[in-house]
Amino acid sequence: MEKEAKAGGSGREREELETLTITKVAEVSAAIDGAKHVDEVIRALHFPVDSPLVAGVILDERSRNQILSVVLPKDGERNCWKNAFYRGSAFPALSRILLYNVASKWLADFPKLARKQVYDSFFVEGPTTEIVQALVPSLKQKGSTKDDFNVICSNIERLLMLCLLENEGVRLMVGEFGLLDEQDNNILKPDKVTFISRISQLLSSIPDKVRLRASSALSSHSFFRRVANQLLTGAEERAVQLNCNAIPDAAFLFVGETFSHVCRRGSIDVIVAEVIPRILSLVQSFLSSNANLVVPDVINSNPKSHFWLNMVEAIKDQYAVEKFSEEMLRQLASTSISDVEVYWILWILFSKNFKFGSFVRGMFVDKFLLWKVFPLCCLRWILQFAVFECPPNSDAQMEGRKTPHFLNSLQLLISIWSRREFVQSSSMEQQAYLTAAVGLCLERISKEELDATKDALSNILQGVSCRLESPIDLVRRMASSIALVFSKVVDPKNPLYLDDNCCEPVDWEFGMLPQRKQIAAASHNEDENKSKLFLREDRKSASDEKKQRVIKHKSAENNALIQELADPDENRNPVEVNGEHFSGEEDDDDSSDSSLKPYDLSDDDTDLQRKFSQLGDIAAALRKHDDPDGVEKALDAAEKLIRASPDELSHNSGDLVKALVHVRCSDVAMEGEEDSAEEKRQKALVALLVTCPFESLDVMTKMLYSSNIDVGQRILIIDIMTEAAQELCNTKVVKREQKQGELVSAVSQPWYIPSSRGPPGAGPWKEVSEPGTFLSWSHRYEREIPSRPGQTKAGKSRKWSLGKAKDLQVEWSQNRFPLYAAAFMLPAMQGFDKRKHGVDLLNRDFIVLGKLIYMLGVCMKCMAMHPEASALAPALLDMIRSRDVSNHAEAYVRRSVLFAASCILIALHPTYVASSLIEGNQEISGGLEWIRTWALHVSEADPDTECASMALTCLQLHAEMALQTSRALEAADQFKAQTRTLPPKLDNIIIPFSSTKF
Amino acid sequence: MSGGGGGGKPRPPPDPIAVMRGHRAPVMDACFHPSRPLLFSGSADGELRVWDTAQHRTLSSTLAHGGGAGVYSVATNFAIGNKVVSQGRDGTCKCWEIEEAGLSRKPLVTFRTNSYHFCKISLVKSASCSSQSSKAIPASERIVESDYSINELEENKKNGVSKESIRFSDVNCAERSQAHLKDFSTMGERKLMALAGEDSSMVEIWDLATAKKLMRFPQTSNVDAASHPTMQRGMCMAIQAFIPSESGCSLNLLSGYEDGSMLWWDIRKPSLPLSTVRYHSETVLSLAVDGTCSGGISGSADNKIVMFSLDHRMGTCTMRKEISLERSGIAGTAIRGDNKIAATAGWDHRVRIYDYRKGNPLAILKYHSASCNAVAFSADSKLMASCSEDTTVALWELYPPKGTS
C-alpha cells in the first residue's frame, strides 16, 4: 500500500492534494458538528471507503442515496490522495475529531460494520508511524467529563490493539523505516534519528499510558512480548533484504531504540525471553550442521545471523545493553543449555562490539566480574567469552595462545581480590563470586605465565593470608580453595590442603547465596562456632604434622605386614619357636608344673589413672607440661572437683584459672582428642567461674589484657565468661526437703508409735500424712500385714487422697548472675582500646573485640529486667558508641555491636527507661536514641547483609522497647497529674507508628 | 597368650581371700610368723600389728616406733625364734617377744642404728634353715649356742678392728682370714641382722641379742673410705643376708645400690665383694634369694625384674631371666619357700606372680588401690600377704602346695 502511495506524483501535485484534503477535513468537521443523527456522521466520514459497503449499513434512505451518488476516485488517484492525507496535516486534524468528538458522541451508535469500515479504517489503513503519533499522545488528554475520558481512552486502546497487535503494525513499522532508509540513501540524518527515537518512545510508553482497566493485551508484559516478537520478525526480514550489508540501518535503529526504551521501562526480561529461543535455534542449527567446527565465518555468511550480529550494536543505550546482557545471562542460566551454545550465543551477540568497543569489554571484564554477582555457570560463560576468548570445547588448541587480555584481566582480578578492604567491606556473595573468578582463571594458567604477571604471586599470598585470619569460616574456605589451586599451578604434584574439608574439585559456589539468618542470637551462635574453628586452626598445623607422621608410621607397618604375608616361612617361625620353647620347658620339670597354670594376664591401667583429690594437685599437675598424661588426667578431674566447691576453692581459684588458661591442650592431648581436652578445659574454667565467681574473675579479667597470653587464650577467656554468665543466669536451686522428723533420734521405739506386736511378717509402721494440711495434730500410722491363710485378695486396692502437694523438693531457677554482673563486665570493658605489646583489640585482634562485645551483650541479656542492668547499661553503651567500635571496618565487630545493642534493649526495664527519661538521664536516653539512629544507618548502608538484617531486628526491638516505655510513661503521667509537673525532657524517644513524641 | 595345654580361656586372676584393714597409714612391710598362723605388719604411723591369719583379725597392736617415725620393716625368722624385729625410721630397731596375746609390752632389745635410710633390714636366710632341718634343733639349744659364739666373735672383733690397718697391708692377709674362718662360720647359728648403716652406703651386721654392731661392708680403712668403689654406688637400698649350704655356712650378703648395681659379699672377705653386677638401670629396691640360696630375684625402680643365679663355687652371679614390665617400680619381692613361685609388689598397685623356675608370668593381682610396698609368703607356702599404701594388707592363696591341698 505504501509503495503505491509512493508512486504518487510530484511535489506540486502533492501540495494541491494536501490543501484538498484539508478542506475536505474541514467539511467533515462541519458536517459532524451539525449532525443530528448517526447516519449523518457516517455519511460525512465515508470518503475513504467503498460506498456500497457503507450504504448497506445506513438505514436512512436519503443518506444512502447521497453516498451512492458520490463518484469514487480511481485507484491511482486514491493512493495519491491517501498519501497526502496521512503524511500531511489533515490526518492529525481528522484524527482529533475522530478520537474526541465522534468517539464520545456517536461511536456507540455506529453499527458494527460501519465502525469497522468507516471509523476504524481511518487508522488501520494508514502508516503505523503516523497512527502511533496520533493515538498515543491522546491517551493522556483529559476529556471534559470522566465518562467522556473513559470512552475516549477505551476507544484509543481498542484502536491500538487493532493496529499494532492484530494487524502486526509494529512489524510493518520496521519495514516502513527500512523504506525510509532506502529513500534517503541510507544516511541517518539527525532529524530521522530523533524521529525514530520519538516513535519508539511512544511505542514503549503505551503500557504505562493506558488505563488500569485496559485489556490485558496492553499490559506491559504481554504487549512487549508481542511487540518484541514483531520487531524481531521485522528485523529478520529486513536483514534478509539487506543481505549481509553491515551498514547501520534505520530499521535496526528503530528496533534497538525500542529495546532500550523498553529496557528503561524495566521490561527487558520480556524481550530477552523472546530473543533467546530465536538465537538459540539459530546457534543450534549451526552446531548441528557443522558438528564441532563452528567457524565464525560460517555464521557471518548466513543472512539470518546477520541481524543478530548487528543487533547489540543497534542498541545505542549502554545501560540497556548492560541490562540486556545481564538478563540474557541470567535467563540462560535458568535453562539447561550447554556451555558451547552459550558461548556462541554470546559470540554472535557481542563479539563484534567486544573486539572494537571498549564499552562491551569493560562491561564484561569489569562490571560482570567485579561488581555483579551471577550464578557460577554464568561466571564460567563470562570468563570463557570475555577472558579466555575461546569456545569451551577447544581447550587443547587454545592452550598455546592466550591473549594478553587474559593476563591483564587476571591481574586485575587478583589485585582486587587480595585487598583487605575488599574482604572487609564487600558482601559475602560478591566475595565468593570474585574468588570463584580468580580460582577459575588460576585453574587455566601455567607457572610460567604466573611468573610473568607481575605482583600476581605476592597478591595471591597476601589475599590468602588476610582471608585466613577472618573469623568467618566461609572466607577462610575461600582462601584455602585459592591456595589449593595456586599450589597446583606452582607444583601440580604437591597440592596444598589448608583445610580438612578442602576437596579436590573445588566447589567454587561456596553455597553462594547463603540463607539469611533471622535471629541475631542464632547468627551469633554460629559465629561462635566459626571462631572456635578459628581457634583450632592454629593448632592444626601441629596436628597435621603429627598426622603425617602417623600416616608414615602406619604405611611402614603395613609394608611390614605385607612382607610378612608374602613370606610364609617367616610367619610360621615364631609359632614353631614358641612350641619348642614350651615343649623344652615341659621336659625340664614335668613334675611340678601342671599346678602352675597362669591366670589371665591381661592388664589395663584404668585403675592406675591418677586420682586427683586436691585442687592444689590439679593446679600443680597442669603446670607440668612435660607430663602430658598428668595434665590430661588433671583436666579430666578438674571440673568435678571444682563443682564440688570445697572450702579451699576460693584460695585456689586464681591459681587454677592461670594454670587452666595456660595449658596447651594440643600438646597434651592424644592425636585426635584435642577437642575433648579443650572441652574439658573450658568446662573446668566455667565451673570455676560459676562456683567461685569473684576470685576467679579477678584473675581472669586481669589476664584478658595481659600481654603474655595469645589471641586464642584471650578468646578462650571471653568464651568462658560468656558461658559462665549464661550458666549463672540459669542456676537451678534445689531446695532440700525440710526434715519434719524428730530432733532427738529415738533409739527405742517412740511412745506414740503403735506397738510392733502383730502377726508374724508384719512390716514396720509408716507414718501416713494427713491429707489436706501440712501440720497434723495426730499421727497416723499404717503397716503391711501378710494376708491370713484363708484370705483371698479381690480386686485392686485404691487409696484416695486429696493429692497433697507433697513435692517439697521444689526446683526453681534463680538468676544469680546480676550479683556478679559488674565483676564480669566492668573490668572487661576497661582498656579494650589500649594498645599494648601483644594486645591490639581495635585493629589486629578484632576477633577478640567482637567476642568481647558479644560477651558483654550476653551478660546484659543475662540480667535482663534486673536493676543491675540499668546500672551497667550506660557503661556498655558508652563503649559500643565509640566510633572505633561501632564503625569498625570488620563486619564481625559490627555484628557484635548490633547484638550487644539489641541485648541492651531487651535488658532494660521499661519503667527504668521511663524514669530515666523523666529524670533527664542523658546517658540512657541518648544511648537508646543512638542505637536507633545507628541501627537505621546500618540497615540502610552496611555492605554486610547479615549486619543489615541484624540491624532490622535491633530496630524492631527498639520499637518494642519504646512501646513498653510509652505505656510506662502513660502510667507515670497519670501519677504525675495527681502530684506535680515534671520537667519536659521527654523528647528523646520516637515512638514508631505514631506521630506522638514523648 | 601362653595358655599352655589347657586350651580354654585362662582363668581370671584370683581375688584376695582376705583383706585386713586396721592400719591408719600405708602399710610398709609384713611378714609371717615362721610356725604360728600370725602375720606382722608395720605401718608408716609406727604401728605394729599382729594378725591372726586364720581368723583374719587383729590380735594386737603396738606403737612400735613413735613420734611419727613409722615402722619401715618387720622381720621374723626361724633362726631368731619367737621374736620379731621391727625397724623404724627413728634410727632404731626393736626386737619383740611374741607372747600368747600378741607382742611383749616392751621390746626385748632396742638398738640405735642411727640409720635413717630406705633400706629394709634383712635377717639371715639359711639354706640349711629350711623347715625340716631347723625344726630338728630345739630353740633353746640354738640360743645357748649362739650366745656363746657371739661372745667369741666379740673378742675377735675387737682384735680385728685394731688389726685392721695392718691386715690390709699385710702380706699374710689370706692366712689370717683363714684363721678367722671358723669364727665367722659359726655366725650362721647366731641371731644376726643386716642393714644399711649410719653411712648408708655401708652395710652393717648387728647382733640381735646384744644389740651390737659386728661388722661393716665394705671393710675399709677410714682413710680411703670415701674412695672405695662401693661408696660410689650411692646408698644401699636393699639387702639380703643368707647362709648358703655350699660355702661352708659362712654368711653371705647381697646388697643393691642406688646406681642399680648388686654386690655379693662373703663375710670372710669383707673388703671386696665376690661379685659385682649391674642388671638394673635404676636403684635396686628389693632383693630376695630362694630357699636353696642358689639364686634370687631383684626388683628396682626401672621397668625390669631380674632373676639371677649364684654360683657359689665360682663366686659369680649370672642373670637367668630378665622380665620387662610395662610400668616401672618394684618395691618388694619374695620367693616362696618351695621355690616354685615368686611375687613382686609394684608401684603400679599390682602384685605379680611368676613361675620362679621358668620365669614366666602367672598372674597379675589387682586389688590394691595404691602402690604395693611388700609381699611375703608364709612358711608353709599356703599364704601370701601383700601390703600397700592403701593401708590394707591382702591375703592371697595361690597355687597351694600339692601335699596340703
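Helices (H or I, at least four residues) and strands (E, at least two) are DSSP runs, numbered from the N terminus. Before you click, know that this is a predicted model, in which local features need pLDDT of at least 70 and side-chain atom pairs count only at pLDDT 80 or more, while totals for chains, interfaces and linings use all residues. Residues are numbered from 1 along each chain as its sequence is written, chains are lettered from A and ligands numbered from 1 in the order in which they are written, and side-chain values use heavy atoms, with hydrogens and water left out.

**Stop one: loops of chain B**

Select B:Asn114, in the loop between strand E10 (109-112) and strand E11 (122-126) of chain B. Its phi is positive, about 55 degrees, although it is not a glycine. Most residues other than glycine have a negative phi, and most peptide bonds are trans. Is B:Asn114 buried, partly exposed or exposed? With a relative accessible area of 28%, B:Asn114 is partly exposed. Here buried means under 20% relative accessible area, exposed over 50%, and partly exposed in between (1.4 Å probe, protein chains only).

Now go to B:Asn339, in the loop between strand E23 (330-335) and strand E24 (341-346) of chain B. Phi of B:Asn339 is positive too, near 60 degrees, but B:Asn339 is buried, at 11% relative accessible area.

Next, pick B:Phe217 and B:Pro218: a cis peptide bond joins them, with omega about -10 degrees. You'll find B:Pro218 in the loop between strand E14 (212-217) and strand E15 (236-243) of chain B.

**Stop two: chain A as a whole**

Switch to chain A, which has 45 helices and six strands. Of its 998 residues, 47% are buried.

**Stop three: charged pairs**

Side chains of opposite charge can pair when their charged atoms come close. A salt bridge is counted when a side-chain nitrogen of Lys or Arg is within 4 Å of a carboxyl oxygen of Asp or Glu. How many salt bridges are there over all chains? The count comes to 37.

Select A:Lys372 and A:Glu326, a salt bridge whose closest N and O atoms are 2.9 Å apart. A:Lys372 sits in the loop between helix H20 (358-371) and helix H21 (376-388) of chain A, and A:Glu326 in helix H18 (residues 318-334) of chain A, so the pair ties together parts that are 46 residues apart in sequence. A:Lys372 is buried at 18%, and A:Glu326 is buried at 10%.

Then try A:Asp944 with A:Arg895, whose side chains meet in a salt bridge (3.3 Å, N to O). A:Asp944 is in the loop between helix H44 (922-941) and helix H45 (945-978) of chain A, while A:Arg895 is in helix H42 (residues 891-907) of chain A, 49 residues apart. A:Asp944 is buried, at 8%, and A:Arg895 is buried as well, at 2%.

**Last stop: a charged patch**

Finally, select A:Asp605, A:Asp626, A:Asp627 and A:Asp629, which form a negative surface patch. Patch residues have over 30% relative accessible area and no salt bridge; like charges are joined within 9 Å, and nonpolar side chains (Val, Leu, Ile, Met, Phe, Trp, Tyr) within 5 Å. A:Asp626 lies in the loop between helix H31 (615-623) and helix H32 (628-643) of chain A, and counts as exposed because its relative accessibility is 68%.

Notes: Accessible areas come from the Shrake-Rupley method with a 1.4 Å probe; for residues, only the protein chains shown count as cover. Lys and Arg count as positive and Asp and Glu as negative; His and the chain ends are not counted. The place of a charge is taken as NZ of Lys, CZ of Arg, CG of Asp or CD of Glu.
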